[in-house]
Amino acid sequence: MTQGVVMRATGSWYEVLCEGEIYRCRMRGRIRLRGSRSTNPVVVGDTVDIASEGEDFVIENIHPRRNYVIRRASNLSKESHIIAANIDRAMLVASVAEPVTPPEFLDRFLVTCEAYGIPATLLLAKSDLTDGCRDEVEYMRSVYESAGYSVIEISALTGEGVDAVQRLAACGTTLVAGNSGVGKSTLIGRLCPSFEIRTGEISQSHHKGRHTTTFSTMYPLPSGGYIIDTPGIKGFGLIDIGDEELCRYFPEMMRYAPDCRFFNCTHTHEPHCAVREAVERGEIAFSRYESYLKILDEDEKYRK
């Protein structure tokens, strides 16, 4: 058997990089059985062992993952969908215009990164289109910088911020994710000009992006490192995160939580809650606290 890294996953076939060569592989049936709670037992970024079987190659074994980004497979499912594994950092692309990225989507993604120990950077895309939205851009920047995240304004068309992204991604493996239409694939096309990466237009009727990336794919960057392009994500349901631990994954809330009167404070109704007091003073953004409450409420039945 030979060890390699999954560079592309379609669900039926997998492209695995082994010693500088790409092998097109199938997956052993017994591996699928092991991942019964996951819609995709083998994902981009996995370290795997492959073996030849006649003229074909098969994935025989998946090595333990050091981390991954995971979401609920659907709104009515307890199954999980792993976006990618063995990641050194995540970059979440967001936009305040054409289309607008919902804050709750950002917060759910960031919670997952916190839960699995993946450093995250927020990329505010389409800076060339935001002249009339500077207040919204500055507000989003202040919200997430005060929460402890690095924020970079980018434009894949003008090149603003692309060098900063390239420097961050120059070593290790970087996951790039976001809603459809925020410019994610255009950005990756700037970072990997030798690869043909599809980009799409915004639906004028709904002001939402159209999917251009069909399957997650890892690309080697000219400056070093690897970048993972993912299909646009419409929703981000959390899985395997309990009510009592959710607060830990909002860094700014955790700064105040030790000062709550009750050690098991849920930060929803208890008296002398330091977190709610900080929200009232404007020291924690209300949009972030609102996301926390919505996650508690909407995902309760899934996270038990």
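Because the model is predicted, local features need pLDDT of at least 70 and side-chain atom pairs count only at pLDDT 80 or more, while totals for chains, interfaces and linings use all residues. Residues are numbered from 1 along each chain as its sequence is written, and side-chain values use heavy atoms, with hydrogens and water left out.

The chain contains nine helices and 15 strands; helices (H or I, at least four residues) and strands (E, at least two) are DSSP runs, numbered from the N terminus. Of its 304 residues, 52% are buried. Buried means under 20% relative accessible area, exposed means over 50%, and partly exposed lies in between (1.4 Å probe, protein chains only). Among the contacts with a separation of 6 or more, 65% are between residues 24 or more positions apart, a contact being heavy atoms within 4.5 Å.

In soluble globular proteins, nonpolar side chains tend to be buried together. A nonpolar core is here a set of buried Ala, Val, Leu, Ile, Met, Phe, Trp, Tyr and Cys residues joined through side-chain atoms within 4.5 Å. The largest such core has 68 residues, and the members that touch the most others are Val16, Phe109, Leu122, Tyr144 and Leu246. Helix α2 supplies the largest share of this core, six residues. A second, separate core has 19 residues, including Val165, Ala169, Leu187 and Ile188. Returning to Tyr144, its contacts beyond four places in sequence are Pro103, Leu106, Asp107, Leu110, Leu122, Tyr149, Val151 and Arg288.

Helix α5 spans residues 184–191, and its buried residues are Lys184, Ser185, Leu187, Ile188 and Leu191. These residues lie on the same side of α5, because they cover an arc of only 155 degrees around the axis, where the arc is that of the directions from the helix axis to the C-beta atoms. Among the elements that cover them are β8, β9 (120–124), α4 (162–168), β11 (173–178), β14 (217–220) and β15 (226–229).

Strand β8 (89–94) also opens the loop that holds Ala97, which runs on to α2 (103–115). Ala97 is buried, at 12% relative accessible area. Leaving out residues up to four places away in sequence, Ala97 touches Lys126 and Cys133. Its C-alpha is 9.6 Å from that of Val137, which is 40 residues away in sequence.

Aromatic pairs come next. Rings of Phe, Tyr and Trp (its six-membered ring) pair if their centres lie within 6.5 Å; planes under 30 degrees apart count as stacked, over 60 as edge-to-face and the rest as tilted. By this rule there are four aromatic pairs. Tyr23 and Phe57 are edge-to-face, because their ring centres are 4.8 Å apart and their planes stand at 65 degrees. This pair links distant parts of the chain, with Tyr23 in strand β3 (residues 21–27) and Phe57 in strand β5 (residues 56–62), 34 residues apart. Tyr23 is partly exposed at 27% relative accessible area, and Phe57 is partly exposed at 26%. Tyr289 and Tyr292, by contrast, are stacked, because their centres are 6.2 Å apart and their planes are at 25 degrees. These two tyrosines are three residues apart in helix α9 (residues 286–298), about one helical turn. Tyr289 is buried at 6% relative accessibility, as is Tyr292 at 1%.

The structure holds zero disulfides, a disulfide being a pair of cysteine sulfur atoms within 2.5 Å. For Cys25, the closest cysteine sulfur is that of Cys18, at 6.6 Å, too far for a bond. Cys25 is buried at 0% relative accessibility, whereas Cys171 is partly exposed at 48%.

Most residues other than glycine have a negative phi. Glu19, although not a glycine, has a positive phi of about 50 degrees; it lies in the loop between β2 (14–18) and β3 and is exposed at 75%. His272 likewise is not a glycine and has a positive phi of about 55 degrees. The loop holding His272 is between α7 (251–256) and α8 (274–280), and His272 is partly exposed at 46%.
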